[in-house]
Amino acid sequence: MGEMLRHMVSARISDLGHIKCSGNWMWAAKLPGEGARLYDAAVAMRELMIKLGIAVDGGKDSITMAAKWAMRQ
């Protein structure tokens, strides 16, 4: 949200309701506790976007970001 709002400063916007965003969830939700943090972040973003009158109309998730490997000695 912060990056999007920063980019909007220099744009000519007739109405905040005309803004549509693309969401990209880059979160390692498979790791312990991270699924709950992702949910909390999504709820907070939703509440802010509702207050601003801005919508997310597309995007992607990166739920598989967590990676584990075994180091060999």
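Contact here means heavy atoms within 4.5 Å. The legends below describe a predicted model.

**Figure 1. Contacts of Met1 in the predicted model.** Met1 touches Met45, Leu48, Met49 and Leu52, with residues up to four places away in sequence not counted. Met1 is placed in the segment before helix H1 (2-8). With a relative accessible area of 28%, Met1 is partly exposed, because that class lies between the 20% limit for buried and the 50% limit for exposed. Between the C-alpha atoms of Met1 and Gly23 there is a separation of 9.6 Å, and these two residues are 22 residues apart along the chain.

**Figure 2. The largest pocket and its lining.** The volume of the largest pocket is about 270 Å³. Its lining is made up of 13 residues, and those closest to the pocket centre are Met1, Ser22, Gly23, Asn24 and Met45. Strand E1 (20-25) and helix H2 are the elements that give two or more residues to this lining. The most comes from E1, which gives five residues. By residue class, the lining of the largest pocket holds ten nonpolar residues, three polar residues and no charged residues.

**Figure 3. The largest nonpolar core.** Six residues make up the largest nonpolar core: Met4, Met8, Ile19, Cys21, Met49 and Ile54. Within this view, Met4 is in contact with Cys21 and Ile54, leaving aside the neighbours of Met4 within four places in sequence. Met49, a member of the core, is also one of the residues that Met1 touches.

**Figure 4. The salt bridge between Glu34 and Arg37.** The structure holds one salt bridge. It joins the side chains of Glu34 and Arg37, with an N to O distance of 2.7 Å. This pair counts as a salt bridge because the distance falls within the 4 Å cut-off. Both residues belong to helix H2 (residues 34-52), where they are three residues apart and so separated by about one helical turn. Arg37 is partly exposed, and the relative accessible area of Arg37 is 46%.

**Figure 5. Overview of the protein chain.** The chain contains two helices and two strands. Along the sequence, these elements follow the pattern α-β-α-β. The protein chain has 73 residues, of which 15% count as buried. Among contacts between residues at least 6 apart in sequence, 73% join residues at least 24 apart.

Notes
Residues numbered from 1 in each chain as written. Predicted model: local features only at pLDDT ≥ 70, side-chain atom pairs only at ≥ 80, totals over all residues. Heavy atoms only, no water. Helix = DSSP H or I, 4+ residues; strand = E, 2+ residues; numbered from the N terminus. Buried < 20%, exposed > 50% of the residue type's maximum accessible area, 1.4 Å probe, protein only. Core = buried A, V, L, I, M, F, W, Y, C linked by side-chain atoms within 4.5 Å. 1 Å grid on protein atoms, 1.4 Å probe; cavity = no way out; pocket = protein on both sides within 12 Å on 5 of 7 lines; lining within 4 Å. Points joined across faces, edges and corners; volume = space filled by probe spheres on them. Nonpolar A, V, L, I, M, F, W, Y, C, P; charged D, E, K, R; others polar.
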